[in-house]
Amino acid sequence: MNLDAFLELLTSRGQAALAMAAELVSRDDPVAAATALRRDHPADLAAAALTQARLRARAQAKFGPDAERMYFTPDGLEQATRPEVAAHRAHRIVAGAARVSVADLCCGIGGDAIELARAGLGVAAVDRDPLTAAVARANVDALGLSALVQVGTAEAGSVDPRRHDVVFLDPARRTSARRVFDPMSYSPPLPDALAMAAAARGACLKVAPGLPYTFVPDGAEAEWVSHRGEVKEAAIWLGDLAGPETAPEGTEWPFLRRATMLPSGMTLTAGPGSSEQIPQIGPPGRFLYEPDGAAIRAHLVADIAASVGGRLLDPRIAYITGDEDVATPWAARYEVAEVMPFSLKRLRAALRERQVGTVTLKKRGSAVDIERLRRDLRLSGENSLTVVLTRIAEKPFALLCTAAAPAKHAASLT
Ligand SMILES: C[S@@+](CC[C@H](N)C(=O)[O-])C[C@H]1O[C@@H](n2cnc3c(N)ncnc32)[C@H](O)[C@@H]1O
């Protein structure tokens, strides 16, 4: 889709084509849809309307009911921040201070700008790609936010960060062909984005959850966010938006680490002395805990283990085990029914004996191909079980687990 075709979509003729395309796409016959649209509209407009209607259908999973009114490009949809995560960040910015002006320097189709505005902030949004900026502008209009958000086509580097209270930057981490992992290949490259952000009084940069820690500046905060148990992204908070907690002193961590779970909004930071807390290592106990991915990325597993009176099965693997009946929101909790050195034959026999027809297979520190194992187990039976494949003292093990009953105690972690 090019810019002219997109702008044509916003005219009354384009809106009529889009309405027709939405109706045709829901019938799920692509050839008939294209033919019918071309009968009533020029080929370019018909193609743009069909593309947009398909993107809106795909966007429902991320944007819910808003998707029906929004506009997308394939890349823009892929890279857009999920509204729940964008809203969490926007509320942190509002809570950081009563600010009025945020510069969103890589706005994409507007996923973050929309939630910043919905949180009551004024947003100056730019994207260097004219089509993407036009899509963001159309989204802001469609969602009734144009009084709060101004969208322009510009290079991030051309905006003076000092003219805004807060700078938000979500650099592109994808070329048209692939995802980019090296922070030097982000657009703009992460060090450039950090330099722009550092010029503002407060700033936030969205980054990949796997960002090497060496890229997080001293005194900043790195926050990892999970949504419904899946790690979605990380953000670096700078200036007066970092904190208010401080990084543990006298350790190798010169920045604050935070894990946040959505939708609950529960948040956990490294407590005083937390990074000196060497977790105990020990054999499987009555319970197994699988920590939330955000807490794993934020290196807070030892804190969670301490809070449940637990220990690690292996120093490098994020499974906690313990004997006390303690629950924590920061980890899924299982009761361990049986522990065995891993072998297909032995596992198959154990599952047969327990008449297990359905297994949830989990692994950490195991090279086993889960789908192949599932086939090879040839399960049958009434019961279901969770099988955890992991390493204990360098040897592969299988732990047969059930979901634990409600615990008598709750861990105290804030
Ligand atoms: C990850 S997307 C932003 C997604 C956005 N936060 C959202 O939720 O919709 C990154 C955007 O940055 C834009 N971009 C890349 N380099 C840029 C630069 N130097 N200046 C301005 N925009 C840039 C890309 O065109 C892309 O649309």
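This is a predicted model: local features need pLDDT of at least 70, side-chain atom pairs count only at pLDDT 80 or more; totals for chains, interfaces and linings use all residues.
Let me start with the ligand: of the 23 residues around it, Asp112, Asp127, Ala156, Asp170 and Ser187 come nearest, where a residue is counted as near if one of its heavy atoms lies within 4 Å of the molecule. Residues are numbered from 1 along each chain as its sequence is written, and side-chain values use heavy atoms, with hydrogens and water left out.

The shell around the ligand divides into 10 nonpolar, seven polar and six charged residues. In this scheme Ala, Val, Leu, Ile, Met, Phe, Trp, Tyr, Cys and Pro count as nonpolar, Asp, Glu, Lys and Arg as charged, and the others, Gly among them, as polar.

An N or O atom in the side chain of Glu155 lies 3.0 Å from a nitrogen atom of the ligand. For Gly110, a polar backbone atom is 3.4 Å from a ligand oxygen. The protein covers 93% of the 610 Å² of accessible area that the ligand has on its own; such areas come from the Shrake-Rupley method with a 1.4 Å probe, and for residues only the protein chains shown count as cover.

The peptide bond from Ser187 to Pro188 is cis, with omega near -5°, and Pro188 sits in the loop between strand S4 (166–169) and helix H9 (190–198). Helices (H or I, at least four residues) and strands (E, at least two) are DSSP runs, numbered from the N terminus. A cis peptide bond also joins Leu262 and Pro263, with omega about 10°; Pro263 belongs to the loop between strand S8 (256–262) and strand S9 (266–269).

I turn now to positive phi values. Arg228, a residue other than glycine, has phi near 50° and is located in the loop between strand S6 (221–227) and strand S7 (230–239). Is Arg228 buried or exposed? Its relative accessible area is 64%, and it is therefore exposed; the classes are buried under 20%, exposed over 50% and partly exposed in between, with a 1.4 Å probe and protein chains only. His299 has phi near 55° and lies in the loop between helix H10 (293–297) and helix H11 (301–307). At 42% relative accessibility, His299 is partly exposed.

For the chain as a whole, there are 13 helices and 18 strands. Of its 414 residues, 52% count as buried. The C-alpha atoms fill a box of roughly 65 × 55 × 35 Å along the principal axes.

Ala405 is in the loop between strand S17 (395–403) and strand S18 (409–410). Leaving aside neighbours within four places in sequence, Ala405 is in contact with Arg333 and Glu335, contact meaning heavy atoms within 4.5 Å.

Definitions and conventions: A polar contact is a pair of N or O atoms within 3.5 Å; within protein, one must be able to donate a hydrogen and the other to accept it, and residues adjacent in sequence count only if both atoms are side-chain atoms.
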